Number of protein chains: 2
Amino acid sequence: MNKFELHILGCGSALPTMKHVPSAQVLNIREKLFLIDCGEGTQLEFRRARLSFGRLSHIFISHLHGDHCFGLIGLISTLGLLGRTGNLTIHAVAELEEVLRPQLNFFCQGMSYKVIIESFDPTKNEVIYEDRSVKVSTIPLDHRMPCAGFLFEEADYDLNLKSDMIRFYDIPVKDLPDIKKGKDFIMASGEVIPNSRLTHPKVHARKYAYCSDTAYKEDIVPIIKDADLLYHEATFLEDNAARAQITRHSTARQAATIAKMANVKKLMIGHYSSRYDDDSLFKKEAQEIFPHVILANEAIVEKL
Amino acid sequence: MNKFELHILGCGSALPTMKHVPSAQVLNIREKLFLIDCGEGTQLEFRRARLSFGRLSHIFISHLHGDHCFGLIGLISTLGLLGRTGNLTIHAVAELEEVLRPQLNFFCQGMSYKVIIESFDPTKNEVIYEDRSVKVSTIPLDHRMPCAGFLFEEADYDLNLKSDMIRFYDIPVKDLPDIKKGKDFIMASGEVIPNSRLTHPKVHARKYAYCSDTAYKEDIVPIIKDADLLYHEATFLEDNAARAQITRHSTARQAATIAKMANVKKLMIGHYSSRYDDDSLFKKEAQEIFPHVILANEAIVEKL
């Protein structure tokens, strides 16, 4: 199966702790790496995870709080020192241009590659990136500043042909594209060969939804419906539900409720507040609502 | 003895490695913490070293290459989240204002304390900070951009009185300040009590010199003369002396030559290029010139 796996590089919240570094994840889709958020120290975690800087493709920044973007300038500089030549595109709210560009102009003069900032509207659910393997769309979230999550949907690939059957029926090359799309084949004799005899069963197109940072927001359920994996922030436990409400964050229970409503296969929680010493409490609270809970940590690689 | 100790938080060079993070050091002088350079991830290393954010006093930035200053914005934000109220002064070249202030305006609105940037002229050797315990002056260095090292000189404290002797001669309180400054005492009888009988021997005023980043520069020798500890960058070994020359860095041998000429007690080297796997080669090369060499690493706490 084609690679579609998630590396957690950081899953803490704003205050650094001895256990967790700020938010950053890498989604590896067929060896193309997509970076999601980029807190301070991301480039170090990227290296620790033994990921290849050369395979870094696009970067997606959910919002402009420091724990989600302070690592950008260091990472960009390092890619320059390493001699990158291909453009690097960062998808973020428009304000990133005004805050990052002056730093690039000062620190990254004469760099061997270009940084392109493509802005999105975080209040809309729309496609912001697409290639042959994946489509990325925004998930409007509810935080103290404009903020969007990201839904990564694997491309709906063509069917794979059963080569022995193609040879057996002696099907001309010109007809193969239609068969890959699901069409039956009609022989010169008029006999119909059903598509299912000519192709392997459809491969499930995988979906990963990233939702950090956000208050409890039921509106996102239809967007993330049936995802194979949902990462949903759980900054607090229910003992701090009032504080979650004020700061526009979620509790573990709320994250699990969204996961259940959206019928996702698995829920990963993270963005833990530094006030809690024991991460397992988050899992315990979430599992009262939804069984398949993964606690994010900086060593996790989750295959979808 | 009063505390005067150096914590190495980072001693790598521009490219991050699995062994070293970028430049940052903390000098603890009587529980007042002075941060010297602030590469990405400094706030994490600060915490790992179990230093108290509340005791952080002034910050000194040698120059504006990213591996010496990218950690500032994260550290400043964290101090804000922790509710700091006292001003934080950063000593740096004037350009820091133009590159850091827009970030502060964007990310640190409504913060509970003020960040003051005090600029210095890196081409001059002058005092840029002084309090009751320490005097800090700039050391003009030779790098690809304006850059200065820092000399920390412990204050020349008053002499400590021998209280039993003060009582024995029944010396009035009004005369004690003069005695602490080194004066003899004249009794009503005309008898002269020499100062050495009334005070403990003078405590040595310690000196720490920080020199990173720089090409070999003999001019600095008179400034750092007789320092108790010299940190001098050694980005390269002699096998890359030509590259050191071009990039305005030093080799381990050059660092040791400066240490020897300046008659310092100990030399610490760091800022190792990522191209070398074995740090011990730096020590070996330096020790051919100067015997007392310490290899910087992120766990070192050196008492002066």
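Helices here are DSSP runs of H or I with at least four residues, strands are runs of E with at least two, and both are numbered from the N terminus. By that convention, H271(A) falls in the loop between β14 (266–270) and α11 (280–287) of chain A. The model is a predicted one.

**Overall architecture**

Chain A contains 11 helices and 16 strands. Its C-alpha trace extends over about 75 × 55 × 35 Å along the principal axes. Of the 304 residues in chain A, 57% are buried. Among contacts in chain A between residues at least 6 apart in sequence, 64% link residues at least 24 apart.

The domain assignment divides chain A into domain 1 (4–157 + 203–303) and domain 2 (163–198). Between the C-alpha centres of domain 1 and domain 2 of chain A there is a separation of 43 Å.

**Relation between the chains**

**Annotated positions in chain A**

An unreviewed UniProt entry places the feature "active site" at D67(A). For "binding site", the unreviewed UniProt entry lists D67(A), H68(A), D213(A) and H271(A). These positions span 205 residues in sequence, yet no two of their C-alpha atoms are more than 10.7 Å apart, so they gather at one spot.

D67(A) belongs to helix α2 (residues 66–69) of chain A. With a relative accessibility of 10%, D67(A) counts as buried. Apart from neighbours within four places in sequence, D67(A) is in contact with S13(A), A14(A), P22(A), S23(A), G39(A) and H271(A). The side chain of D67(A) also comes to 3.4 Å from the backbone nitrogen of A14(A). A polar contact, likewise described by its distance, connects the side chains of D67(A) and H68(A) at 3.4 Å.

**Helix α3 of chain B**

How many of the 10 residues of helix α3 (residues 72–81) of chain B are buried? The count is 9, and the helix is mostly covered. The buried residues of α3(B) are L72(B), I73(B), G74(B), L75(B), I76(B), S77(B), T78(B), L79(B) and G80(B). Just after α3(B), G83(B) adopts a positive phi of about 80 degrees.

**Cysteines**

The structure holds 0 disulfides over all chains. For C211(A), which is in no disulfide, the nearest cysteine sulfur is that of C147(A), 9.1 Å away. In chain B, C147(B) is likewise in no disulfide, and the nearest cysteine sulfur, that of C211(B), is 9.2 Å away. A disulfide requires sulfur atoms within 2.5 Å.

The table collects relative accessibility for residues discussed above.

| Residue | Relative accessibility | State |
|---|---|---|
| D67(A) | 10% | buried |
| C211(A) | 0% | buried |
| C147(B) | 2% | buried |

The tabulated residues count as buried because that class covers values under 20% relative accessible area.

Conventions:
Residues are numbered from 1 along each chain as its sequence is written. Chains are lettered from A and ligands numbered from 1 in the order in which they are written. This is a predicted model: local features need pLDDT of at least 70, side-chain atom pairs count only at pLDDT 80 or more; totals for chains, interfaces and linings use all residues. Side-chain values use heavy atoms; hydrogens and water are left out. Domain bounds come from an automatic or database domain assignment. Buried means under 20% relative accessible area, exposed over 50%, partly exposed in between (1.4 Å probe, protein chains only). UniProt positions are given in the numbering used here, feature names are shortened, and annotations may be inferred rather than shown by experiment. Contact means heavy atoms within 4.5 Å. A polar contact is a pair of N or O atoms within 3.5 Å; within protein, one must be able to donate a hydrogen and the other to accept it, and residues adjacent in sequence count only if both atoms are side-chain atoms.
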